[in-house]
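Here are my notes on the model you sent over.

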Amino acid sequence: MNFFKKKKKQPEQKQTNNQDSLTFQELMQKLSASADFSTVKQSSASTFYISYYKTLVNPEFVHRDLLPYITDLPLKNLDDVQKHLPLDGIVKTNDVRDIANKVTEGFILLQMNKEDTECLLIPSLSTENRQISIPETEFSVVGPKEAFVESLDTNLNLIRKRLPIPEFIVKEVRVGKLTKTRVAIIYIDGIADRENVNTAIQRVNDIEYDHVVDSSFINQMISDNGNSPFPQLIDTERPDRVASVLAEGKVAIMADGSPHALTGPTTIVEFFSAFEDYFLNWVLASAFRLIRLMAVMFSVLSTPLYVAVLTFHYEMIPENLLATLVASRNDIPFPPILEAMVLELSIELLREAGARLPTKVGQTIGIVGGIVIGTAAVQAGLTSNVLLIIVALAALASFTTPVYQMSNTIRLLRFPFLLFAQFLGVLGVTICFAFILAHLLKLTSLGRPYIAPLYPLRTNDLKDALIRMPFSSQFNRPDSLRPSDKKRMNKKRANEKHDIED
């Protein structure tokens with residue numbers, strides 16, 4: 001499906017013409033066809049009509065903040081009404097398109113006479129929001145415990161209070177012909193590269209889809225390569241992480257109704273960096289980051305190497321270990337590839353079942369199902385206990401990936417490696433790795449290299465890539481982002497420590 005079109009103004013023009021062709025009376029008939037649209041006549045010192053969607057407007061607002069100020073006054077026209085209402089954002093208009101948009105967003109329509117085409121639009125949207133809670137997919141032991149919610153305004157507040165500067169800029173657009181979802185593009189003026197900002201804004205504006213209900217829709221539509229299994233934007237639920245990457249010079253994208261933000265341009269090494277790393281000493285953070293990288297390599301390559309060695313390369317197995325492997329597979333009737341595929345698919349089934357069931361039931365299914373199925377498979381002679389241990393460790397290692405989207409990619413990558421290992425052995429594993437590396441070399445995120453700072457090499461960015469150096473040594477912002485302001489701190493003063501003497 002092609003979501004991007006060069007001549008994006010054509011569908012917008014078509015929609016505009018359809019709305020402009022409606023008369024005011026036709027619009028009112030169209031709105032009144034809905035059961036939750038209400039029109040009320042108020043008669044006392046003056047007569048007027050108010051219309052609104054009962055599901056969008058709080059009735060308490062109408063009776064508390066609107067009617068008491070205008071009911072007992074002799075009002076002659078809309079200007080008199082507007083003068084006596086202590087509310088901001090009131091709009092007087094006869095534009096049918098503007099009226100349609102505002103009323104469906106939660107505005108109250110006020111007319112002096114039912115036949116009038118000119119009216120007042122009074123803002124009164126009633127919002128029901130979830131309370132701010134702790135992060136679920138990016139939980140950390142130390143650090144802030146706030147996570148985004150579904151309200152865009154609340155999410156912007158969580159970020160802005162961490163960046164209380166006038167350079168914090170929010171550009172808002174509407175996306176989706178039906179949903180008209182509010183989408184915010186966020187950056188820091190004077191730090192973010194204008195090319196990155198313009199690229200993000202242009203791609204969001206170019207989205208051609210009738211409904212956009214979550215930021216994950218936007219992620220798929222604006223990614224550089226929609227056919228790649230690798231995520232090209234980081235999806236995060238942490239306001240502190242968004243504030244941090246904005247300070248580096250990145251761009252964030254948020255959608256109303258979504259408790260997640262997208263940040264980019266990003267690189268592949270960032271998907272293996274937990275934000276909790278920055279709350280720990282740099283030595284510990286670097287060690288944990290290296291452990292995650294080794295765990296990912298083990299998760300992807302362990303099972304394919306098992307299949308390759310047992311199928312083609314028995315000579316690679318040490319003599320002491322060979323006897324154990326032969327004994328474990330003595331009664332197995334299946335080849336290593338079929339044995340491995342059955343176990344890998346069983347693990348994936350347990351994962352999906354645990355994720356789709358309620359939390360307490362899902363945990364029970366995962367633990368009990370894994371123990372029962374694994375033990376039964378070994379005792380029945382369908383799989384070897386050595387492979388069972390390898391598959392279980394590989395599944396455990398895949399959980400160390402901090403970003404959920406990348407962990408899904410790691411889960412998928414094992415299967416092409418398994419197929420290549422079956423047909424060509426270790427050579428097949430090497431060829432598959434070469435294909436993936438070539439794909440990563442071509443991949444970009446908002447037009448920037450995906451595997452930077454490894455290629456092209458950026459020595460300054462290596463300070464926060466595979467390992468995390470101390471804050472005092474990270475004087476500049478990442479070169480791969482091409483920030484307008486590269487300096488983070490004064491290099492000379494960063495390492496100075498003063499003691500106060502009596």
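Where is the place of P456? P456 sits in the loop between β12 (448-449) and α17 (491-494). Before the rest, some housekeeping: this is a predicted model, where local features need pLDDT of at least 70, side-chain atom pairs count only at pLDDT 80 or more, and totals for chains, interfaces and linings use all residues. Residues are numbered from 1 along each chain as its sequence is written, and side-chain values use heavy atoms, with hydrogens and water left out.

1. Cis peptide bonds. The bond from Y455 to P456 is cis, with omega near -5°. G264 and P265 are also joined by a cis peptide bond, with omega of about -5°. P265 belongs to the loop between β10 and α10. For background, most peptide bonds are trans, and most residues other than glycine have a negative phi. On naming, helices (H or I, at least four residues) and strands (E, at least two) are DSSP runs, numbered from the N terminus.

2. Positive phi. K180 has phi near 45°, a positive value in a residue other than glycine. You'll find K180 in the loop between β6 (168-175) and β7 (181-188). L446 also isn't glycine, and its phi is positive, near 50°; L446 lies in the loop between β11 (444-445) and β12. Buried or exposed, what is L446? L446 counts as buried, because its relative accessibility is 4%, whereas K180, at 28%, counts as partly exposed. The cut-offs: buried is under 20% relative accessible area, exposed is over 50%, and partly exposed is in between (1.4 Å probe, protein chains only).

3. S273. Look in the loop between β10 (261-264) and α10 (282-312) for S273. Its relative accessibility is 8%, so S273 counts as buried. Leaving out residues up to four places away in sequence, S273 touches R241, R289, R292, P402 and A465 (contact means heavy atoms within 4.5 Å). With R289, there is a side-chain polar contact of 3.4 Å. A polar contact is a pair of N or O atoms within 3.5 Å; within protein, one must be able to donate a hydrogen and the other to accept it, and residues adjacent in sequence count only if both atoms are side-chain atoms.

4. S302 is in helix α10 and is buried, with a relative accessible area of 11%. Residues up to four places away in sequence aside, S302 touches M297, I390 and A394. S133 is in the loop between β5 (119-123) and α6 (152-160), where it counts as partly exposed at 27% relative accessibility.

5. The α15 and α16 pair. How do these helices pack? Helix α15 (residues 404-424) and helix α16 (residues 426-442) pack at about 140°, with axes 6 Å apart. That makes α15 oblique to α16, because angles under 35 degrees count as roughly parallel, over 145 as roughly antiparallel, 65 to 115 as roughly perpendicular and the rest as oblique. Axes are lines fitted to C-alpha atoms, for helices over the stretch in contact, and angles run from 0 to 180 degrees between N-to-C directions.

6. What meets what. Residues of α15 in the contact include L413, F417 and F420, and those of α16 include V429, F433 and I436. The contact residues divide into 14 nonpolar, 1 polar and no charged. Here Ala, Val, Leu, Ile, Met, Phe, Trp, Tyr, Cys and Pro count as nonpolar, Asp, Glu, Lys and Arg as charged, and the others, Gly among them, as polar.
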